[in-house]
Amino acid sequence: MILDNRSVVRKVLLITLLLNLFVMALKATIGWWTGSLSLLADALHSITDSANNVLGLITSRFSSPRPDRDHPYGHQKFEAVGALGIAAFLGIACFEILQGAIERIFSGLQPVKITESELWLLLIVLGVNIFVTFYERREGQRVGSPILIADAKHTMSDVWVTITVLVGLIGIWQGRVLNLPQLQWLDIILAFPVALLVFWSGWQVIKENLPWLVDEIAIAPEAIHAIAMSVPGVVNCHDIASRGLLGRQVFIEMHLIVDAVDVDTAHRITEAVEAKLEEKFSPVRVLIHVEPPGYKSNSISFDEERERTSREQ
């Protein structure tokens, strides 16, 4: 069964885009008023949030799971490509934050003027970010969308960035009250962990989506083997391979030896295997190659040592 979740993905991305634009505008305005480098860096981070939403909308347009002549395996990898685009935006944001902090150090400390009312506005921003994170992650997990889950991770990094910046600005505000001008350095110092949090978020997105693009194993061959061998009539199952994203779309290939004397019986057995695999790992597409008894093998999955020996012979 093919699942097409693009309408839900687009709805979620549109809602989060509007909220991220509101957050970005508020951060940039307060950052400009107060002269806070860390808050302006946070606003830059929020620009990437909005850009990621736009990227996600474009990616979702082309990521149909339904196959066609040019893409017989569907178009789902467009979502993974979009997620890597998010990682690229995070890398750019990290560089911009570090560059701004270093320039501020060498150009001299500029005082940050923050008021209590502006701190309350930043708490509202934090609340919006937290809502967007949990809403987007919940919907992404519900419909199995890598782009929503990746974007939720990005927004979660924005939550931690905003918390870090808010703590620093509270310290600067108290420094003015207590006449401690040294606390002005908090604005620059905290820009560095902000950059590290942004970088870490980008790395997590890459780590989760790259295996899908390079066709890394999706399901342990032992689990597939156990299910296939539980079907009556299956004598042997070997050379199992799988790829894709579990819960979104998985492709499974295997070689079977079945206890059948005619094609119809062999077909019924292989259909029973497919049905069990679909019940466990749906949505899944299964390709089964039926072989004669002489091809029986103890190799559940592809054996590199065996393949190398075969080539040498």
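Reader: Where is the place of Ile189?

Author: Ile189 sits in helix H6 (residues 186-189). Helices here are DSSP runs of H or I with at least four residues and strands are runs of E with at least two, numbered from the N terminus. Please note that this is a predicted model, in which local features need pLDDT of at least 70 and side-chain atom pairs count only at pLDDT 80 or more, while totals for chains, interfaces and linings use all residues. Residues are numbered from 1 along each chain as its sequence is written, and side-chain values use heavy atoms, with hydrogens and water left out.

Reader: Which residues make the nonpolar surface patch?

Author: Ile189 belongs to it, together with Leu98, Ile102, Ile105, Phe106 and Trp185, and the patch covers about 580 Å². Helix H3 (residues 77-107) contributes the most, with four residues. A patch takes residues with over 30% relative accessible area and no salt bridge; like charges are joined within 9 Å, and nonpolar side chains (Val, Leu, Ile, Met, Phe, Trp, Tyr) within 5 Å. Areas come from the Shrake-Rupley method with a 1.4 Å probe, and for residues only the protein chains shown count as cover.

Reader: How many helices and strands does the protein have?

Author: There are 10 helices and three strands. In sequence order the pattern reads α-α-α-α-α-α-α-α-β-β-α-β-α.

Reader: What does UniProt list for "transmembrane region"?

Author: The unreviewed UniProt entry lists residues 12-33, 80-98, 119-135, 155-173 and 185-203. Those positions are given in the numbering used here, feature names are shortened, and annotations may be inferred rather than shown by experiment. In the model, residues 119-135 are 100% helix and 0% strand, with end C-alpha atoms 25 Å apart. Residues 155-173 are likewise 100% helix and 0% strand, with 26 Å between the end C-alpha atoms.

Reader: Changing topic: how many salt bridges does the count come to?

Author: The count is three, where a salt bridge is a side-chain nitrogen of Lys or Arg within 4 Å of a carboxyl oxygen of Asp or Glu. Side chains of opposite charge can pair when their charged atoms come close.

Reader: With which residue do the side chains of Asp215 meet in a salt bridge, then?

Author: Asp215 pairs with Arg243 at 4.0 Å, N to O. Asp215 lies in the loop between helix H7 (191-213) and helix H8 (221-229), and Arg243 in strand S1 (residues 234-245), so the pair ties together parts that are 28 residues apart in sequence.

Reader: Which residues are joined into one network?

Author: Salt bridges with shared partners connect Arg138, Glu139 and Arg142. The closest N and O atoms are 3.3 Å apart for Glu139 and Arg138, and 2.7 Å apart for Glu139 and Arg142. Glu139 and Arg142 are both in helix H4 (residues 116-143), three residues apart, or about one turn of the helix.

Reader: Is Glu139 buried or exposed?

Author: Glu139 is buried, at 9% relative accessible area, whereas Arg142 is exposed at 56%. Buried means under 20% relative accessible area, exposed over 50%, and partly exposed in between (1.4 Å probe, protein chains only).

Reader: And what does Thr270 touch?

Author: Thr270, in helix H9 (residues 263-281), touches Leu256, Ile288 and Val290, leaving aside residues up to four places away in sequence. Contact means heavy atoms within 4.5 Å. Thr270 counts as buried, at 8% relative accessibility.
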